[in-house]
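My entries follow in the order I made them.

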Protein chains: 2
Amino acid sequence: MTTLPATMFAIVQTHDGYSGAATGPALADAADWLAEAELPVPAPGPGQVLIRLRAATVNPSDIHFVKGEYGQPRVKGAAAGFEGCGDVIATGSGAEALQDQRVAFVAAGAGAWAEYVVTQAQMCIPLRSDISDEDGAAQIVNPLTAMAMVDIAREAGDAFVVSAATSQLGKLMCSLGRDLGLKPIALVRRAEAVESLKQVGAAEVLVTGDPKITQQFAAISTALKPRVFLDAVADQLSEQLFCAMPNGARWVCYGKLSSDLPRLTQMGQLIFMRKRIEGFWLTRWMMDTPLADQMRVIAEVQARFADGRWKTDISERLALRDVLPNLASALKKSDGKVIITP
Amino acid sequence: MTTLPATMFAIVQTHDGYSGAATGPALADAADWLAEAELPVPAPGPGQVLIRLRAATVNPSDIHFVKGEYGQPRVKGAAAGFEGCGDVIATGSGAEALQDQRVAFVAAGAGAWAEYVVTQAQMCIPLRSDISDEDGAAQIVNPLTAMAMVDIAREAGDAFVVSAATSQLGKLMCSLGRDLGLKPIALVRRAEAVESLKQVGAAEVLVTGDPKITQQFAAISTALKPRVFLDAVADQLSEQLFCAMPNGARWVCYGKLSSDLPRLTQMGQLIFMRKRIEGFWLTRWMMDTPLADQMRVIAEVQARFADGRWKTDISERLALRDVLPNLASALKKSDGKVIITP
């Protein structure tokens, strides 16, 4: 066993519980919600492992969480961050099989933005050696969400709609959709992103600011009949597009990038056209999906990263000690992930 | 076979198709949407029957329909009205078994507000002799909707929420809920209705105009944990109450009494709490439900009317020739059905 320091550097939450607000995954200043701290290096309990961090990722869910807008309450003073990769350097009873393995992990109660992380062994996935640390740091949340949501879409028809399609998750879903022979209809904010999204796999790309987008979408909807809208924005435009989708359409909200509160303008569509509005949360999917199915999906995810079909686009790398001053500006860059290193 | 007149008096639609609006099931003046007409008495085709009307009912769906806000397009010049009861006086091939029977019926493409009606034999239910014409005229749409929706609620838990609970349908659902050992939570507009709703079967009754209704509802929701909201109103208060419901709650909209367009203020609840928003339409239920199950439900409905557990509260009776001048004012009375007689 490695000799460990007594304490570690970490980025910790400065609030408890929920905020009651819903302002979206943007930060004016990380110091509004986070602080630097020296914490005791945690010890793994039964079924747990201690991981020395190699890289952590910054997902929109992390930002929602530290702002108190996520599906679980914050704990003031605890490290932030849900996802990363690193080396298992100590194990609790029952978790010995992971000793010395490099793993991708999810930290169930947060804690990935720290030099050392304790999490459940079952929240760790051993990484093939042909996966980079940076791909390994974003191996679970987005890829599993993409696989699970495209699966929902596939069961419902040939075409599906993806908003915020230039996000890492949006690109994964477009690419996966094309590989499965489906027709992803991508929504993007910037006209410059249209061509790259088509290359990634989108069958159609629409620019949300285009004054004719609802007419354009209506024509595409009539032709391709998308039945599932995988939506991370949830604004009034989302509602309008949902209204232009065919019978039986499902508006599956998995994020809330917009702070706009959409009005339901055509309740009759829910009644007469069997449409419905629902949500998707990976945590729930993991609770509801048999472990064998999860493992099959995880192996498929690694294969896609290993052979280059998928990759994590990095917009910025921040050392842990640079997170507080620089995270807010790093998040303003689009089209890639912010990666945190020790 | 009875000798028939060549023509009949009917109340007909004066518009085609859909209006594109959603203004609710109220009328300023019936003449905006309807006219009196002499039409040829229709002849039954194969599988159809000709019915001499005894009584027709006026449901909110009839009003939505003539205003172009329903799930099927209007046909200008065709008789209005979906539901009634009468005597089968002629049959097409394959429908002979119904000859001379008194039946409750649904007229698939509308047409019940006329002296004679043609509809499919399979849309007719022979009436027991102990059911009155007026109960027979409201035997299908509301009772089946009540049975089907309370069934949805029962599968989800012990308690459920019913809005517009003083409507005929609302009362049926409260009564049925109590009979099944469930706890209906009724929403009413007028404080005077609280006691009568409790007698009908509601476990709790809240007055929608009460400034403390959201707090009152939150306390009841915490105690009784209703998982299904059977909602005919769909306004912002509906949305607020839905937000106060527990994990997994379903907002099942089956009507749109309010022209208010509700905002979705807590999209995160769909994501993290597995809530969803959907609709219910009896026509869809009939298409999706095996005939044997429908027949079982229909027999149960008749037994409830026959033994007095259910009855149709009549607020006003209108002869067909009085519909045009008097329908709008008749509909302003609450707590009962308007019945139309030949």
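Entry 1, salt bridges. I looked for salt bridges between chain B and chain A and found a count of 2. The model is predicted, so I treat every value here as computed from a prediction. I then looked up one pair, A:R274 and B:D288, which form a salt bridge. Their closest N and O atoms are 2.7 Å apart, and the cut-off for a salt bridge is 4 Å.

Between chain B and chain A I noted 13 residue pairs in polar contact, both residues at pLDDT 80 or more.

I checked which elements supply at least two residues each, and they include strand 12 (250-253), helix 8 (267-272), strand 13 (276-279) and helix 9 (282-288) of chain B. By type, the residues on this side are 16 nonpolar, 10 charged and 5 polar.

I counted 31 residues from chain B and 30 residues from chain A. The two chains bury about 2700 Å² between them, and 63% of that lies on carbon and sulfur atoms.

I took helix 6 (residues 213-224) and helix 7 (residues 236-243) of chain B, whose axes come within 9 Å and cross at roughly 35°. The crossing is right-handed.

Technical notes. Residues numbered from 1 in each chain as written. Chains lettered and ligands numbered in written order. Predicted model: local features only at pLDDT ≥ 70, side-chain atom pairs only at ≥ 80, totals over all residues. Heavy atoms only, no water. Contact = heavy atoms within 4.5 Å. Buried area = accessible area lost by both parts, 1.4 Å probe. Salt bridge = Lys/Arg side-chain N within 4 Å of Asp/Glu carboxyl O. Polar contact = N/O pair within 3.5 Å; in protein donor to acceptor, adjacent residues only side chain to side chain. Helix = DSSP H or I, 4+ residues; strand = E, 2+ residues; numbered from the N terminus. Nonpolar A, V, L, I, M, F, W, Y, C, P; charged D, E, K, R; others polar. Axes fitted to C-alpha atoms, helices over the stretch in contact; angles between N-to-C directions. Left-handed = near helix turned anticlockwise from the far one by under 90°.
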